[in-house]
Amino acid sequence: IMRINVELFTEGWYGPALGDGECALTMQQLMHGTGMVTSFPFLLMGLPQVVMPKFDATAALDAIRRHQVTSTFGVPGMLTRLADAVDADPGELPLRRTLYGGAPLALDELRRVRGILGDSLVQLYGRFEAGWPLAVLGQDEHTAILDGDDELAASCGRFVPQIETRFGEAPGTADGH
């Protein structure tokens with residue numbers, strides 16, 4: 001899974017291709033999605049990162065600015081609190097990729113957070129146990145949603161090609177299986 005996430009970073013699924021000055025911020029548990037998606041792939045690629053002992057929006061904002069963080073991962077509630085911290089202390093952010101997962105951002109929050117954090121948002125969909133991520137709603141898709149694409153707003157994005165995905169009837173569905 002970590003090698004797949006390295007490919008997703010290097011192939012542009014998570015935003016702009018990796019370049020000079022990359023730095024990741026780990027602002028939640030390493031053994032949660034952030035480890036597999038950001039922290040460990042950055043280690044595999046030999047890229048620097050900052051690891052916070054716990055999430056604090058003001059401290060995360062300070063770390064992003066001080067260390068010129070280009071990539072981070074969090075759950076929607078962390079992004080809304082980070083946006084609140086930026087609102088209280090506006091200024092340029094170096095973020096190129098702000099990945100989130102665990103739940104979607106409500107459309108009104110998506111608009112607000114993107115307006116503050118910029119076009120760096122990327123939603124990941126999947127299960128830690130079954131592949132992480134299975135689908136990616138990228139930066140361009142976020143732009144389309146904000147431009148009024150309601151159908152895309154209800155989707156999980158594009159399936160990751162490195163993960164085999166199959167659909168079938170689940171037991172107990174409407175047809176009685």
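Buried means under 20% relative accessible area, exposed over 50%, and partly exposed in between, with a 1.4 Å probe and protein chains only. The model is predicted: local features need pLDDT of at least 70, side-chain atom pairs count only at pLDDT 80 or more, and totals for chains, interfaces and linings use all residues. Residues are numbered from 1 along each chain as its sequence is written, and side-chain values use heavy atoms, without hydrogens and water.

**View A. A surface patch of negative charge.** Asp 147, Asp 149, Asp 150 and Glu 151 form the patch. Its members have over 30% relative accessible area and no salt bridge, with like charges joined within 9 Å. A salt bridge is a Lys or Arg side-chain nitrogen within 4 Å of an Asp or Glu carboxyl oxygen. Asp 150 lies in helix 7 (residues 150–153). Helices are DSSP runs (H or I) of at least four residues, and strands (E) of at least two. Asp 150 is exposed, at 58% relative accessible area.

**View B. The largest nonpolar core.** This core has 29 residues, of which Leu 25, Met 27 and Leu 121 touch the most other members. Helix 3 (57–66), helix 4 (76–88) and helix 5 (107–117) each supply at least two residues. Helix 4 gives the most, six. Core residues are buried Ala, Val, Leu, Ile, Met, Phe, Trp, Tyr and Cys, joined through side-chain atoms within 4.5 Å.

**View C. Gln 68, with a positive phi.** Its phi is about 50°, although Gln 68 is not a glycine. Most residues other than glycine have a negative phi. Gln 68 sits in the loop between helix 3 and strand 3 (71–74). Gln 68 is partly exposed, at 44% relative accessibility.

Key: Patch = residues over 30% accessible without salt bridge, like charges linked within 9 Å, V, L, I, M, F, W, Y side chains within 5 Å. Areas by Shrake-Rupley, 256 points an atom, 1.4 Å probe, with all protein chains shown as cover. Lys, Arg positive; Asp, Glu negative; His and termini not counted. Charge placed at Lys NZ, Arg CZ, Asp CG, Glu CD.
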